[in-house]
Structures are given as C-alpha cells and as structure tokens.
Amino acid sequence: SPDPPTLPLPMVNMISGGLHAGRNLDIQDVLIVPLSARSYSESLEMIVAMYRGVGETLRCHGLESALVGDEGGFGPKLRDNEQALEVVVEAMHLRGLVPGKDVAIALDIASSHFHDGASGQYRLRASGDRTFDRSALIELLAKWVRSYPIVSIEDGLAEDDWEGWTDLTNRLGDSVQILGDDLFTTQVSRLQKGIERKAANAVLIKVNQVGTLSETLDALALARKQGYRAVVSARSGETEDTTIADLAVATAAGQIKIGSVARSERLAKYNHLLRIEEQLGEGGKFANGATVFGQPR
C-alpha cells in the first residue's frame, strides 16, 4: 500500500558549475538539505536564509554573487571545486546553523561531463587540471565526505562506469546517499541493472526524462520495492508547470530537487508545495531529515 501524501524534503542548489554555469567548476552543483526543519514551510525558510547567506559569504570574499547558473545557484569563479564546499559551510555558520545537524550538503558531480570514455579517466580542470582514475575519484569523494557534512552524492561516476558505481556504493553507500541520475535516466531497465549490480542506493526521478507518467510511476515503484530512495526532480530549461510537486507529495517520494530559490520556473514549484501544505493542514506529513537520512552523524 502506498504511504499517505507526504511533503518532500527539498534538496536545493547553492553554487553551480559544470554545464550549468559555464564550467567555472567541474562539479555541477553544491546543494543543501535542511535536515532540522520540522515542516516544509520551515525548510523553505531555512533554504532562503542559506541562499542569502551564501551570497553574503561570496561578497565578503570578493567573489561573484550576482550571476546565477541554469538552475539558480550562484556561479562564482572559485579557486577549485572544494572552495564551493567551504563557502557553503561558512554560510551555515553565518546563519547560526550547525553543519550536519541543521543543514547538510548534497553534491551533483555530473562526472560524465569530465569523463574520457576512451581512457576511462576523469579530468578535473578546476582542481589543478588533474586526472583521476575511478579509484582516485572515489578517494577524493570519500575525503570530501570525511571533511564536510555531505549526505548525498549524485552521479559521482560516469553514466556507464558500472564497475565504478558498484565500488563507490560499497565504499560510501552505508553513510551517504549515492544517487543515480545520468546512470538511470528514470528507466526501469537501467534501474533494475543497478539493483542487480548493487550500484547506487537512490534514483533521481524525472517525468520529462523518461517521457510518460506511467513509466515514471513504474520507476518509483521499483525503487520503493528494492529499498532505493527516490528524489523527484526538475530539469534544466524548466517551465512554470508544477506537476512534479504534486507527484512528489502523492507518491510520498520523500525528496524533491527543484533548483534554487530564484526565478519563476523554480519558485512556482516551491510555492505550489506551500499551497499543498496548507491544504493538507496540521495532519499533513513531512519527510524531515531524520526520516530520510537518519539521525545526524
């Protein structure tokens, strides 16, 4: 039986790179998750405070704080990929939030975009133009997990590096959400392959990626049956259509990834979730941080 309608925990862009922001960074997005929020509306308040805090932190360091990427995250030119993590943690302290307890970090690595299929190497131009094999990239991600309050890593390896995905999940899957987007593309057949290979432990769900609502529901059902978390997601080049907000609540997916709190095509969905919360009333469920990710580490 499906769970009752549940307002999702948002995963929200703060700093963007990769194809979303002119390749100023190799990794595509540094996002936050408001772990300690007790309701959807409270989570949105925390998100807006953090977004403004990241902008203020960038200004204090003399970095670009006006230009934004494709999904609304700030698009500064930074020293390297890791500085994006440092800025977001600094913004948490600025807003009086405890890293890893009140707010955590989620990463969208989008590593297919800097992966060489012929050699199998990953080239990080924003980190000294260094080249990594899959093992070295997994070690880099593990180092970041040890150093920063990271709870989710999306597309940490290339979309067809199945062996690498299994290794990454074995290494970090007990403590971090290993989220497949390019890996699964909301396709039941690819998700089934990932389940069989023990690759990832969560799937990004995009209706307009797979093309039909029925296929989307099939992917969600398979994820739920196999114990994979699901994150209902918007895409680049969005419209103001709010269907994914309804989908996330109706299926009790638990998480939603809309983009940042900037521009109307993103805000329309956040606002629609506020209306749904009001309609559900005090009895409405919310997938808080403890429900989704467990107690803080």
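Visitor: What makes up the cover over the buried residues of helix 3?
Guide: Among the elements covering them are helix 2 (81-94), strand 5, strand 7 (121-124), strand 8 (130-132), strand 9 (150-154) and helix 4 (162-172). Helices (H or I, at least four residues) and strands (E, at least two) are DSSP runs numbered from the N terminus, and contact means heavy atoms within 4.5 Å. This is a predicted model, in which local features need pLDDT of at least 70 and side-chain atom pairs count only at pLDDT 80 or more, while totals for chains, interfaces and linings use all residues. Residues are numbered from 1 along each chain as its sequence is written, and side-chain values use heavy atoms, leaving out hydrogens and water.

Visitor: How do you know that the span of helix 3 agrees with its length?
Guide: The expected span is 1.5 Å times one less than the number of residues. Helix 3 (residues 134-147) has 14 residues and should span 20 Å; its end C-alpha atoms are 20 Å apart, so the two agree.

Visitor: Why is A252 called buried?
Guide: Buried means under 20% relative accessible area, exposed over 50%, and partly exposed in between (1.4 Å probe, protein chains only). A252 has 12%, so the residue counts as buried. A252 sits in the loop between helix 8 (243-250) and strand 13 (254-257). Leaving out residues up to four places away in sequence, A252 touches D3, P4, T6 and R224.

Visitor: What makes strand 2 (9-10) and strand 3 (12-16) edge strands?
Guide: The open sheet has nine strands in the order 2-13-12-11-10-9-5-4-3, with mixed pairing. Strand 2 and strand 3 each pair on one side only, and these are its edge strands. Two strands pair if DSSP finds at least two bridges between them. Strand 3 and strand 4 pass with four bridges, antiparallel, and I15 stands opposite V30 in strand 4.

Visitor: Why is strand 3 described as largely enclosed?
Guide: Five of its five residues are buried, so the rest of the structure largely encloses strand 3.

Visitor: How do you know which residues touch the most other members of the largest nonpolar core?
Guide: A nonpolar core is a set of buried Ala, Val, Leu, Ile, Met, Phe, Trp, Tyr and Cys residues joined through side-chain atoms within 4.5 Å. Of the 96 residues in the largest one, M50, V54, V88, I105 and W144 touch the most other members. Helix 1 (residues 40-60) gives the largest share of this core, eight residues. Setting aside neighbours within four places in sequence, V88 is in contact with M14, I15, V30, I32, M50, V54 and I105.
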